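This report accompanies the sequence and structure shown below. Please keep both in view while reading.

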Amino acid sequence: MSRSPIHLITLATIAFSLISSCVSDVVVLTVDNFEKEVGKDRGALVEFYAPWCGHCKKLAPVFDILGTSVKKTKSVLVGKVDCDENKELCTKYGISGYPSIKWFPEGSLEPKDYDGSRTAEAFAEYINNEAGTNVKIGAFPSYVVVLNSDNFDKIVMDKTKDVLVEFYATWCGHCKSLAPIYETLATAYKNERDVVIANLDADRFKDLGEKYDISGYPTMKLFPKDNKAGEVYQGDRDLDSLVAYINQKCGTSRDAQGQLTSDAGIVEVLDNLVKEFMGADGDEKKAVFAKIQEEAGNLHGSFARYGKIYIKAAQSCMAKGADYARNEIQRLERMLAQSISSLKADEFILKKNVLSAFA
């Protein structure tokens, strides 16, 4: 399965490496820290936003790309202010619409309005002109699978995969707006072996566009494991809505940063048995453990993996005592606070979630 740059704008613009590390390089500014960070010995490009604002949600991944690219430039800060949480600060700077972007020159709290294009390249060019820097938007990997007439059926019709396909056209303005969001979505699910985020230039491969009744761009269709006829996505095109859709339809449990949520790995029938297990003693505990093993053995796919975690946790609790789960959760939290790979973070979060039932 080849992975290549997503359409319309350069790979550098659309990729969102922050998902991999689950840490944003955009500085969160508040009433308390604004004047400690802004107006000092570096210029600052600041986004004033509202968390409910659709345009702000679309801008977020682009601004995060900028933050990552500017990170090494000590003379520039990229920051954001939540105006719902910092009304006084936003009133001070005359914010009346969202998102509003302002440039604060080095040593000044008197901003200039930014009214240029809202692409990472345009922001970088503006910063370079204002601060005399040489910020370049870095090249990051793409996790969107690019489809064509040769690989479409092999990838999309694979009954072991849930495949979301964006049908787009290179001239489509709405497709250009969706591109960075779609790339961020793909990055969020890069560790999900059964989920594929893909796209197809339906203007170029017209036969495939016609086959799947594509009459407007962008059109997103999900091809689940059990329905390769496909179903049209009709929700909002912001990242949170797309993540919620994938989680609901594909049985995944991830947030917009690609991190597993507290629900990941939880199996209700096993959780109920764990409650019984923790309240039992002696032979009764062994009998409940046998039930856990039996139920875990009936699980399939990803759930079979979760079942093994439950079994191992129960075995450790019997061998190491009642404090094992709590102590192990604390150890995992310390590990998660360190710089680790996203795959290792997934492993630790799954174990931590399961252990919460034992604690």
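## Basis and confidence

The model is predicted: local features need pLDDT of at least 70, side-chain atom pairs count only at pLDDT 80 or more, and totals for chains, interfaces and linings use all residues. Residues are numbered from 1 along each chain as its sequence is written, and side-chain values use heavy atoms, with hydrogens and water left out.

The protein chain has a mean pLDDT (the predictor's confidence in each residue, from 0 to 100) of 90, with 93% of its residues at 70 or more. Over residues 1–22, pLDDT stays under 50.

## Largest pocket

A pocket is an open set of points on a 1 Å grid over the protein atoms alone, where a 1.4 Å probe fits, with protein on both sides within 12 Å along at least five of seven lines; lining residues have an atom within 4 Å of a point. The largest pocket holds about 590 Å³ of space, the volume being that filled by probe spheres set on the points. Its lining has 26 residues, and Glu192, Gly251, Thr252, Ser302 and Tyr306 are the closest to its centre.

Helix 13 (302–320) and helix 15 (342–358) each contribute at least two lining residues; helices are DSSP runs of H or I with at least four residues, and strands are E runs with at least two, numbered from the N terminus. The largest share, 4 residues, comes from helix 13.

## Aromatic pairs

The structure holds 19 aromatic pairs, meaning rings of Phe, Tyr and Trp (its six-membered ring) with centres within 6.5 Å; planes under 30 degrees apart count as stacked, over 60 as edge-to-face and the rest as tilted. Phe34 and Tyr93 form a tilted pair, 5.5 Å centre to centre with 40° between the planes. Phe34 lies in helix 3 and Tyr93 in the loop between helix 5 and strand 4, so this pair ties together parts 59 residues apart in sequence. Phe34 is buried, at 1% relative accessible area (buried means under 20%, exposed over 50%, partly exposed in between, with a 1.4 Å probe and protein chains only).

## Two individual residues

Asn128 is found in helix 6 (residues 120–131) and counts as buried at 18% relative accessibility.

Asp194, in the loop between helix 8 and strand 8, is partly exposed at 30%. Beyond four places in sequence, Asp194 touches Thr160, Lys161, Asp162, Lys225 and Ser302, contact meaning heavy atoms within 4.5 Å.
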